[in-house]
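Hi everyone, thanks for coming. Please have a look at the sequence and the structure, and then I'll walk you through a few places in it.

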Amino acid sequence: MSALIIPCYIRTEWDLSCLRRLLDSVFAQTKPFEKVYVVDDASPLKYDIGQFAIEHVVLDRNGGPARARNVAINKALQAGYAHLLFTDHDCILDREWNTRMVAFLDSSDFAAVGGMTYSWGKTLLDRYHDLNGTLAGKWLLPDRKELWYMPSLNFGLKAFAAEEFPFDERFPTAAGEDVDLCLRLRSKYRIGFCPEAKLWHDYGYKNSFTSFPRFLKLFQKYKSSSATLYEGHTVLMWDSSESIYEGNIR
Amino acid sequence: MSLIYRLKQSQPNFTHGIQDYLGEIIPFSQRVKNPLLKVPMVALKSLEWAIYRWHKTPIRRFYGIKSNELIYMITNACNDKCPKCGIWERPEPKEQHLRIQHFIRCLTRLHHNLYQVTLTGGEPLLFKRDVMLIAEEAKKLNVPMVTITNGRMVDEAFLARYKELGHILVISIDSVSREKWNEFRGTKSFDIVMPKIMLARDILGDQLRVQSVLSRESAEEIPKVVAWCKEHGIQHNTQLYQDFGAKNWSNLVTHQQMVNDGTPCAARKNICIYPNGDVVKCFDHRRIPLAKQPLGNIGEQDIIEILCTKRSTEVSKIMKTCNFPCKAMSCNKPQVLLFK
C-alpha cells in the first residue's frame, strides 16, 4: 500500500506541463499507487489537473514544500498507507519506480529509501549534474551501504518513520528541508539506496549557454539553505558522505 | 589543556582557500572519464565551489537544523588518577571555572541547532548540581544529553531523576577485574563503582552505556569488558586511545591505521567548551595553527557571535580536510554507529 505525495508550486505553463508529464508517468506505472496526493502550495497559476484518481489538495497560503508535504503525510497516515513516496512536479518516473521502491521497503529494515536520479535534459549542464550527483543523494562513508541523505524528489518513507519525522516547516523553500529530515531520521533509522528505482529530473535547461544563469541560481538557492556550512555551523557528518553518480552506484 | 595564544597565526590566508578548493575539485575530476569534458566539467565544479564559498545569502545561518553537538568539558578535575589521561593533573583554578549560568545561556541560544549536548571532563559529577541543572534545562529544550563519568559519584537520587529526564549516562570502564581496574584508575575504586554500575543498570536500563579505551595496556581487558556488558545487557562502545598529555599509555594501532580508515573528520559539527568557557570546534583544536587561540569565551561573549566570526568559519573549513588520529574518537563518529 503506497501513497505518492507531490508538492507543487505552479508559476508558469512550463511548470504545468511538467506536472502533467509527471502524472502521465504516474499512471503508466506497472504497479499503480493506491493514492496520489498533489498538494498545491497556493500557486499563482490556476489550473485543473483533470485526473479523478488524484486527491488535489489546494492550500490557501504558500508555506513551502515542507508544509505541503506534511499536509499530505497527515492524510496518508490517517488513511493507513504503509509506504509514503515523494517526488517533485518536474520529475518523470520510470514505469517500475513504485514497484522497486515498495519492494525495497518491504524487504529491508531500512526506514527510508532513495532511488537513482538522472537528468532529463541532454545539455552540458545536465551532464554536470549527473556527474556531480547534485540531486542523487549521498552515500554514508566509508561503507557505502546506506545513505547519508536523499533528496525528497526520489524518496520513500515507511509510515512509522513519516509519523515520527515530519518535514520541518520552518524551511521556506525547496532547499535544505530534505537534508534536515534525513539528518533527524538518521538519529534513529537508516536510509537505504535502491538504484533500480529510477527517475529523471528536468532542470529546465534549454541549452548550455542560455540556461547558464538558471544553473547558477540553482546553486545559489542551495547555498541559501546550507549557509550553515561555511558559516561555522557544519551540517552533521557532511564530510563523511559522497554524492552518488553512475560510477559509484554499487 | 589550556590553549597557547599565537595571534600571528590566527589570520586566515589564501592557502586555506586553495586547500579547500583542491579538496573538492580533485575527487570530482576523477569522475570525468571523457577527456573532452574534463575542462568544462571542472570549470562548472569550480563555479559551484565559488558559489558555496562566496555567495552571500539573505537567509543566514540558523534554520534550526539539529546538526551540532555541544560538548562541555565541565572540569579538568577528577577523583580518579588514570594513567591514560593527563587532564586530571591540571585542574582549573576555582576562579577560572565558568559560571553555570553562562553555559545554560549558551545551551539555550544553540538548542535549535543541537542534536545532543555532551558533558565530559575530568569527572563531570564533581559538579553534580550543575550537571543536573544542565540536564533539566536540556530536557526543557528537548535536547538529548549524554554524560560521560567514571561512575564514582552516581547515587540513587541522581539516577532516578536522570532516568526521568531521559538522558544517556556513559560510564568509562577499561577492565572488569579488580586488580587491573585499580591499576587503570590509579585509585582503589573497583569496589566503589561496580555496585553503582549495577544500580545504574537497574534504574537507567537502556539509558546506561559503557565505553572503553583500547590501548596496548588495555587490549587484553577490553574483550572481557565487552563480554561482561553483553552478559548484563549494557550497550558498549570501544574508543581508540588518544594522547591527552599523560603519555603513560600507548596506542595499539599505528598512527597510519588511525588516519587511513577512509573516514574524514567530522568534528566541524562540534562546539566544544572548556571549563573556563573558552570555545573551540574540537578539543584537539591546537593541532591546527589557525586554531591555537580559542574562538572566544562564552563567559564574555554570545556563543552565536563567536561562531559567526570569520576565523570560526575558516577553522571549520580547514577541519574539512583534517586527518589526525583524534578523528577516531567517539565525538567524530555518527551516533548511529556507536554503541552497536
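**A walk through two chains**

Leaving aside residues up to four places away in sequence, A:D41 touches A:P7, A:C8, A:Y9, A:L59, A:N62, A:G63, A:G64, A:P65 and A:A68. Touching here means contact: two residues are in contact if their C-beta atoms, placed from the backbone, lie within 7 Å.

Before going on, a word on what we are looking at. This is a predicted model, where local features need pLDDT of at least 70, side-chain atom pairs count only at pLDDT 80 or more, and totals for chains, interfaces and linings use all residues. Residues are numbered from 1 along each chain as its sequence is written, while chains are lettered from A and ligands numbered from 1 in the order in which they are written. And pLDDT is the predictor's confidence in each residue, from 0 to 100.

Back to A:D41. Where does A:D41 sit? In the loop between β2 (35–40) and β3 (54–58) of chain A. A:D41 and A:Y9 are 32 residues apart along the chain, and their C-alpha atoms are separated by 5.3 Å.

Is A:D41 buried or exposed? It has 22 C-beta neighbours inside 10 Å, so A:D41 counts as buried. The rule is this: a residue is buried if 20 or more other C-beta atoms lie within 10 Å of its own, exposed if 12 or fewer, and partly exposed in between, with C-beta atoms placed from the backbone. A:A42 is also in the loop between β2 and β3 of chain A, but A:A42 is exposed, with 12 other C-beta atoms within 10 Å. Phi of A:A42 is near 55°, which is positive in a residue other than glycine.

Now for chain A as a whole. It has seven helices and eleven strands, and 52% of its 250 residues count as buried. Of the contacts in chain A with a separation of 6 or more, 76% join residues 24 or more positions apart.

One helix to look for is α6 (residues 177–185) of chain A. Nine of its nine residues are buried, so α6 is largely enclosed by the rest of the structure. What do those buried residues pack against? They pack against α2 (65–79), β6 (112–119), β8 (147–149), α5 (159–164) and β10 (191–201) of chain A.

Let's move to chain B and a pair of helices. The axes of α3 (residues 100–110) and α4 (residues 128–140) of chain B come within 11 Å and cross at roughly 20°. Axes are lines fitted to C-alpha atoms, for helices over the stretch in contact, and angles run from 0 to 180 degrees between N-to-C directions. That crossing angle makes α3(B) roughly parallel to α4(B); angles under 35 degrees count as roughly parallel, over 145 as roughly antiparallel, 65 to 115 as roughly perpendicular and the rest as oblique. On the α3(B) side the contact is made by B:I100, B:F103, B:I104 and B:L107, and on the α4(B) side by B:D130, B:L133, B:I134, B:E137 and B:A138.

Helix α4(B) has another partner, α5 (residues 156–165) of chain B: their axes come within 10 Å and cross at roughly 20°. These two helices are therefore roughly parallel to each other. Here α4(B) uses B:K128, B:M132, B:A135, B:E136 and B:K139, and α5(B) uses B:F158, B:R161, B:Y162 and B:L165.

B:K163 lies in helix α5 of chain B and is partly exposed, with 16 other C-beta atoms within 10 Å. Beyond four places in sequence, B:K163 touches B:I203, B:L204 and B:Q207.

Finally, how confident is the model? Chain A averages a pLDDT of 89, with 92% of the residues at 70 or above, and chain B has a mean of 84, with 87% of its residues reaching 70 or more. In chain A, pLDDT stays under 50 over residues 227–239; in chain B, pLDDT stays under 50 over residues 59–64. Where pLDDT is low, the predicted coordinates should not be read in detail.

Terms used: Helices (H or I, at least four residues) and strands (E, at least two) are DSSP runs, numbered from the N terminus.
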